[in-house]
Amino acid sequence: MTKMGLVRNRQVKRKNSAEDAAEFRAIHWNAKISPKKARLVVDQVRGLPVSEALDILKFDRHRGAYLIDKVLKSAIANADQAITNGKVRSGEGDLLAPQPDVDVDDLYIHDARIDDGPRLKRWKPRARGQAYPYQKYYAHITIRLRPRPPAPAPKKKQAAAAAPAGKK
């Protein structure tokens, strides 16, 4: 089984899509990495609980893992601060009532995005006095955390229906 297959099996199956769900975020603007390289890393941790995501990012060798790890730790610190001060906000930014039942250990990565940042256009001298254009890429890293949704109540098994009388 591939590494990606293992990660997909541990993802949170139920997303907390309630409108009044608490949400915590962190954004790193103008990170010096190309968006394509950062997306390779963020796809591995999207939908995972924060503890598992931190473990994966800690041992990932890509440079993007270091940047995403910093943003994830910042989002966790933001969540801890908001829970402590009782200033928990919803996804739309509305202030919610204090939620003491929300715990940092129960958070998962609800949304992780890598958006294109500005591009620096540069020129490099080449043979016969020509100029060769190239670009330096930047990315915006956004991570949103939400508490795990409550587990659904187990369904009751219905008693086996009486078998219909067979025809002779």
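Q: α2 and α3 cross, so what's the hand of that crossing?
A: The crossing of α2 and α3 is right-handed. Keep in mind that this is a predicted model.

Q: What angle do the axes of α2 and α3 make, and how close do they come?
A: They cross at roughly 145° and come within 9 Å. Here α3 is the helix of residues 50-59.

Q: Which residues make that contact?
A: On α2 they are Val41, Gln44 and Val45. On α3 they are Ala53, Ile56 and Leu57.

Q: How does the contact of α2 with α3 split by class?
A: Five residues are nonpolar, one is polar and none is charged.

Q: Now α2 with α4. What are the angle and the distance there?
A: The helices α2 (residues 35-45) and α4 (residues 63-85) pack at about 65°, and their axes are 9 Å apart.

Q: Is that crossing left-handed or right-handed?
A: The crossing of α2 and α4 is right-handed.

Q: And which residues touch?
A: Ala38, Val41 and Val42 come from α2, while Gly64, Ala65 and Ile68 come from α4. That contact has five nonpolar residues, one polar and no charged. Val41 of α2 is in this list and also in the contact with α3.

Q: Let's stay on α4. How many residues does it have, and what distance does it reach?
A: It has 23 residues and reaches 34 Å from its first C-alpha to its last.

Q: Which residues of α4 are buried?
A: Gly64, Ala65, Leu67, Ile68, Asp69, Val71, Leu72, Ala75, Ile76, Ala79, Ala82 and Ile83. Gly64, Ala65 and Ile68 are the ones that α4 brings to the contact with α2.

Q: What do the buried residues of α4 pack against?
A: They pack against the helices α2 and α3, and against β1 (24-31), β2 (107-125) and β3 (131-147).

Q: What follows α4?
A: Gly86, with a positive phi near 75°.

Q: Zooming out, what secondary structure does the chain have?
A: Four helices and three strands. From the N terminus on, the order is α-β-α-α-α-β-β.

Q: How much of the chain is buried?
A: Of its 168 residues, 36% count as buried. The accessible surface comes to about 11900 Å², and 52% of that belongs to carbon and sulfur atoms.

Q: And contacts along the sequence, what share joins residues at least 24 apart?
A: It is 74%, counted among contacts between residues at least 6 apart in sequence.

Definitions and conventions. Residues numbered from 1 in each chain as written. Predicted model: local features only at pLDDT ≥ 70, side-chain atom pairs only at ≥ 80, totals over all residues. Heavy atoms only, no water. Axes fitted to C-alpha atoms, helices over the stretch in contact; angles between N-to-C directions. Helix = DSSP H or I, 4+ residues; strand = E, 2+ residues; numbered from the N terminus. Left-handed = near helix turned anticlockwise from the far one by under 90°. Contact = heavy atoms within 4.5 Å. Nonpolar A, V, L, I, M, F, W, Y, C, P; charged D, E, K, R; others polar. Expected span 1.5 Å × (residues − 1). Buried < 20%, exposed > 50% of the residue type's maximum accessible area, 1.4 Å probe, protein only. Areas by Shrake-Rupley, 256 points an atom, 1.4 Å probe, with all protein chains shown as cover.
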